[in-house]
Amino acid sequence: MAKYLLLKHYRGAPAAVNDVPMDQWTPEEISAHIQYMNDFAARLEKTGEFVDSQALAPEGKWVRYDGEGRPPVTDGPFAETKDVIAGWMIIDVDSYERAVELAGELSAAPGAGGKPIHEWLELRPFLHAAPTITECLIHG
């Protein structure tokens, strides 16, 4: 089994086919979308492929270490940022092909007018081990 992260973007991904922003959806459309996501997760729980999922608020901050004895430095939020993560789901599947299949299915969640969004989801595999120094030098 291999774990994959499915990232849903508020902004930053290529435009979805049904590209009506969620803040313009009716309460019924939002409920249908959330129900689709919950039903999808419940089905994957039964097959043992679901690990976890969470929705994220659009605002956030950058945080970094600022030296011994100093408080962390923060910056943001940046309302104008081009890439905002809406949420994520972690799946544990037998193959990359299965991960792609499930990501495609999740992309069909309904949006405005009850029609599938056809949104782009970012599919990222988890590393099985920390990269070696050589791998970091090659890719870094």
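Biologist: Leaving aside neighbours within four places in sequence, which residues is Glu-119 in contact with?

Modeller: This is a predicted model, in which local features need pLDDT of at least 70, side-chain atom pairs count only at pLDDT 80 or more, and totals for chains, interfaces and linings use all residues. Residues are numbered from 1 along each chain as its sequence is written, and side-chain values use heavy atoms, with hydrogens and water left out. Contact means heavy atoms within 4.5 Å. With neighbours within four places set aside, the partners of Glu-119 are Lys-8, Ala-16, Leu-106 and Ser-107.

Biologist: Is Glu-119 buried or exposed?

Modeller: Glu-119 is found in the loop between α2 and β6 (122-125); helices (H or I, at least four residues) and strands (E, at least two) are DSSP runs numbered from the N terminus. Buried means under 20% relative accessible area, exposed over 50%, and partly exposed in between, with a 1.4 Å probe and protein chains only. Because its relative accessibility is 12%, Glu-119 counts as buried.

Biologist: Which residues are the closest to the centre of the largest pocket?

Modeller: A pocket is an open set of points on a 1 Å grid over the protein atoms alone, where a 1.4 Å probe fits, with protein on both sides within 12 Å along at least five of seven lines; lining residues have an atom within 4 Å of a point. The largest pocket has a volume of about 1,000 Å³, a volume being the space filled by probe spheres set on the points, which are joined across faces, edges and corners. Of the 36 residues that line this pocket, the closest to its centre are Lys-8, His-9, Tyr-10, Ala-86 and Glu-119.

Biologist: Which element gives the most to the lining of the largest pocket?

Modeller: At least two lining residues come from each of β1 (2-11), α1 (27-47), β2 (50-55) and β5 (84-93). With six residues, the element that gives the most is α1.

Biologist: In what order do the elements of the protein chain run from the N terminus on?

Modeller: The protein chain has three helices and six strands. From the N terminus on, the order is β-α-β-β-β-β-α-β-α.
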